[in-house]
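Please read these notes with the model open beside you.

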Amino acid sequence: MKLNGKLSATLLTAGLAATLTPLAASPASAASMHGCTYPRVCLYDGSYQNGSIFSWYQDTSYQAVIGGGNRADAVVNTRNDDSVWLIDQGASPDAYLCIPRNTAANLGNYAHPNGGTWANDVDAIKIWGDPDDGKCSGTYQVQQGRVADGWRP
């Protein structure tokens, strides 16, 4: 079967358009929250709505809080698929507050297991990298727990 020139050109153009369409991928979903840019986890003096960032993290490792431990009033986790543990090494056994992906939390809203709240009780941080699903104990809600004193992943 022989196609005329105009029809061949139309079919060729349509075929190329269909072939090239999948090459135009949409950008990854990444968003900043409350002044904390993706892919960071930021700690705040004051609330995340009105306070100021004093320290931020993006490496998936266990780290001491920079800028002074036991100072954080709030946290913002902008990471799309990683949860974060805020750790109180002064508790025995060590206590942690798990912040799920894409979550902002004022630490004064969460009761600390030793009494009081989590505000000003964080002295270490652990961002969970791959293969983390961004959940805390299977949920996208803030959770807390305990680990042995001196625990390190």
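1. Which residue lies over the face of Trp128? Lys126 does, at 4.7 Å from the ring centre. The criterion for a charge over a ring: NZ of Lys or CZ of Arg within 6 Å of the ring centre and within 35 degrees of the ring normal. Arg40 meets it too, over the face of Trp56, at 3.4 Å from that ring centre.

2. Ground rules. The model is predicted, so local features need pLDDT of at least 70 and side-chain atom pairs count only at pLDDT 80 or more, while totals for chains, interfaces and linings use all residues. Residues are numbered from 1 along each chain as its sequence is written, and side-chain values use heavy atoms, with hydrogens and water left out.

3. Overall make-up. The protein has 1 helix and 9 strands. These are DSSP runs numbered from the N terminus: helices are H or I with at least four residues, strands are E with at least two. The order from the N terminus is α-β-β-β-β-β-β-β-β-β.

4. Of the 153 residues, 35% are buried. Buried means under 20% relative accessible area, exposed over 50%, and partly exposed in between (1.4 Å probe, protein chains only). Take the contacts (heavy atoms within 4.5 Å) with a separation of 6 or more: residues 24 or more positions apart account for 65% of them.

5. The four-stranded sheet. This open sheet has the order β2-β1-β4-β7, with antiparallel pairing. Strands count as paired if DSSP finds at least two bridges between them. β2 (52-57) and β7 (103-106) are the edges; each has a single partner strand, so one side of each lacks a neighbour in the sheet. Neighbouring strands are turned by 15 degrees against each other on average, direction ignored. Axes here are lines fitted to C-alpha atoms, for helices over the stretch in contact, and angles run from 0 to 180 degrees between N-to-C directions. Within the sheet, β1 and β4 run antiparallel and are joined by 4 bridges. Leu43 stands opposite Val75 in β4.

6. The five-stranded sheet. Its order is β3-β8-β5-β6-β9, again open and antiparallel. β3 and β9 are the edge strands, each pairing on one side only. From one strand to the next, the twist averages 25 degrees. β5 (residues 84-88) and β6 (residues 94-99) pair antiparallel over 5 bridges. Trp85 has Cys98 in β6 as its bridge partner.

7. Aromatic pairs. The structure holds 5 of them. Rings of Phe, Tyr and Trp (its six-membered ring) pair if their centres lie within 6.5 Å; planes under 30 degrees apart count as stacked, over 60 as edge-to-face, the rest as tilted. Tyr62 and Trp151 are edge-to-face, at 6.0 Å centre to centre and 65 degrees between the planes. Tyr62 lies in strand β3 and Trp151 in the segment after β9 (143-147), so this pair ties together parts 89 residues apart in sequence. Trp128 and Trp151 are tilted, at 6.1 Å and 45 degrees. Trp128 sits in the loop between β8 (124-127) and β9, so its pair with Trp151 joins parts 23 residues apart in sequence.

8. The ring cluster. Ring pairs link Tyr62, Trp85, Tyr96, Trp128 and Trp151 into a cluster. Trp128 is partly exposed, with a relative accessible area of 24%.

9. Salt bridges. How many does a search of the whole structure find? It finds 2. The criterion is a side-chain nitrogen of Lys or Arg within 4 Å of a carboxyl oxygen of Asp or Glu. Asp45 and Arg71 form one of them, at 2.7 Å, N to O. That pair links distant parts of the chain: Asp45 is in strand β1 (residues 41-45) and Arg71 in the loop between β3 (62-64) and β4 (74-77), 26 residues apart. Asp45 counts as partly exposed at 25% relative accessibility, and Arg71 as partly exposed at 29%.

10. Arg79 and Asp82. These residues form a salt bridge, with the closest N and O atoms 2.8 Å apart. Both are buried.

11. A loop glycine. Gly116 is in the loop between β7 and β8. Its 60% relative accessibility makes Gly116 exposed. Leaving aside residues up to four places away in sequence, Gly116 touches Tyr110 and Ala111.
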